[in-house]
Structures are given as structure tokens and as C-alpha cells.
Amino acid sequence: MLQIGVFGGAFNPPHKGHERLARHFADKLALDKVLVIPSLLPPHKDGAHLASGADRITMCRLAFAGDDRFEASAAEIDRGGKSYTYDTLLALRGRWPGARFYLIIGADMLASFKTWRRWEDILAMCTLCAAARDKRGLPGDTGIDAVVSDLPPFEVSSTAIRDRIKNRQDISGLVDDEVARYIAVRGLYLD
Ligand code: ATP
């Protein structure tokens, strides 16, 4: 049975915390494929300082280049409107009937998971996989069935990276080198 990871987010920009989390679950669960899916309009974010969909897809492609398991997907960007994971999973099930899906998320998303649109239906369609993103670790008893991992956190956020760029600070080590180059060439996040 095909095992497919689904890794959604704003990826504004994609960073090493994202790479680490997704690669960890790809290895741990021996996933055949991981779809990295930038949202068009993230339901949980205000959209200010959001780079274009095309830029974010390109950066996701660069961040995961060289690992054939990973594929940047324009599914949510092409669909238009708010990007709900429920709709994305429905579409993926149509595209890969019979596959098993694994939704990869960070601890903050696990903590707020019950606010997601149709979260119970999402749980029926996939296995949730979560890991800490900072020293706060994973949320306590959420009552949500998930594969949790003790992967040591790599503390970085897209917000922190955008702030560093705005303040003309170095971002090497926080994002993939090719992503850093792309951001510089395109002049992203300077204001
Ligand atoms: P922003 O700072 O703009 O809010 P972000 O860094 O939280 O962005 P997203 O693109 O919103 O990044 O995150 C996509 C997914 O990756 C989410 O499930 C989030 O929990 C997870 N994630 C983000 N950063 C990390 C990290 N450092 N370690 C583990 N998971 C992370």
C-alpha cells in the first residue's frame, strides 16, 4: 500500500525546522512520498507579508531538492480560496485511492487541531503525526490520536526568518542554502 505524507503550511519561507520534521517522519514511517503543500490563504494566519504562491512553491521545491520522496504540490494554490486540509485530503484520496495518508504537523498545530474545519473527518482520513517545535514540547493530553515523536526540536519559525531578513541579518543555517539564495535574488521579505 502506498504511504503518503502530507505536509501543509504557509512555508513563508520554508525553513530547516520544516525540513527536519518532514524528513523525520518520512524516515520513521518509511513513507513512499511526501507532498509539501503551501496554502494559498492559511486559515490560521492573516496573510500579511505572504510571498506569492509561485515563490513559495519554488522555495519548497528547492528546500527538498535531492530527495525523491518529496514533491512540492500546487494543489492548494491552484484550488483558490481558503486552504482547508479537509478539502485537500479529499482531493488526494481521489487522486490516490487506496493509499494511506499521514498528516505531518508541529506541536502548535496539534494544540489547535480541534479548531480545524472538520477535524474529526480529517482524523478519519489520515494518521496525524506530530513533533515538538521548541522547548515547550508537545501539548499535554489533547484526546487526539496521533503518532508523536520525541525528535529534538529545532527552534525556528518563518516569522523569525522574515524578521531577520527585514533587519538585514544573516539567515544561513536556518534555511536551505538554495532557498536563501532565491530569497536574496527575488528580494523577498525586505519590508
Ligand atoms: P510563521 O512563523 O509564519 O507562523 P511557521 O514557522 O509556523 O510560520 P508554517 O509554514 O506555518 O511555519 O508551518 C508549517 C508546519 O510546520 C506546521 O505544522 C508547523 O507546526 C510546522 N513547523 C513549523 N516550524 C517548525 C519547527 N521549527 N519544528 C517543527 N515543526 C515546525
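Which pocket is the space taken by the ligand? That space is the largest pocket. On a 1 Å grid over the protein atoms alone, a pocket is an open set of points where a 1.4 Å probe fits, with protein on both sides within 12 Å along at least five of seven lines.

The model is predicted, with local features needing pLDDT of at least 70 and side-chain atom pairs counting only at pLDDT 80 or more, while totals for chains, interfaces and linings use all residues. Residues are numbered from 1 along each chain as its sequence is written, and side-chain values use heavy atoms, with hydrogens and water left out.

**First stop: the ligand and its shell**

Select the ligand together with the 22 residues around it; Lys45, Asp108, Arg133, Ser158 and Thr159 come nearest. Colouring the shell by class will show nine nonpolar, nine polar and four charged residues. Here Ala, Val, Leu, Ile, Met, Phe, Trp, Tyr, Cys and Pro count as nonpolar, Asp, Glu, Lys and Arg as charged, and the others, Gly among them, as polar.

Display the secondary structure next. At least two shell residues are supplied by each of strand S1 (3-9), helix H1 (16-28), strand S4 (100-106), helix H5 (107-111) and helix H7 (158-166). Helices (H or I, at least four residues) and strands (E, at least two) are DSSP runs, numbered from the N terminus.

Select Ala10, where a polar backbone atom is 3.1 Å from an oxygen atom of the ligand. At His15, an N or O atom in the side chain is 3.0 Å from an oxygen atom of the ligand. At Phe154, a polar backbone atom is 2.8 Å from a nitrogen atom of the ligand. Taken alone, the ligand exposes 610 Å², of which the protein buries 93%. Accessible areas come from the Shrake-Rupley method with a 1.4 Å probe; for residues, only the protein chains shown count as cover.

Most residues other than glycine have a negative phi, and most peptide bonds are trans. Phe11 is buried because its relative accessible area is 2%, where buried means under 20%, exposed over 50%, and partly exposed in between (1.4 Å probe, protein chains only).

The peptide bond from Asn12 to Pro13 is cis, with omega near 5°. Asn12 is buried, with a relative accessible area of 3%. Its C-alpha atom is separated by 8.4 Å from that of His49, 37 residues apart along the chain.

Move to Ser149 in strand S6 (residues 146-149). At 5% relative accessibility, Ser149 counts as buried. A polar atom of its side chain lies 3.2 Å from the backbone nitrogen of Leu151.

Select Arg168 in the loop between H7 and helix H8 (177-186). Phi of Arg168 is near 60°, a positive value in a residue other than glycine. Is Arg168 buried or exposed? Arg168 is exposed, with a relative accessible area of 59%.

Finish at Glu178, in helix H8. Glu178 counts as partly exposed at 37% relative accessibility. The C-alpha atoms of Glu178 and Ala65 are separated by 9.4 Å, although these residues are 113 residues apart along the chain.

Methods:
A residue is near a molecule or strand if one of its heavy atoms lies within 4 Å of it. A polar contact is a pair of N or O atoms within 3.5 Å; within protein, one must be able to donate a hydrogen and the other to accept it, and residues adjacent in sequence count only if both atoms are side-chain atoms. On a 1 Å grid over the protein atoms alone, a cavity is a set of points where a 1.4 Å probe fits but cannot get out, and a pocket is an open set with protein on both sides within 12 Å along at least five of seven lines; lining residues have an atom within 4 Å of a point. A molecule sits in a cavity or pocket if more than half of its atoms lie within 2 Å of its grid points.
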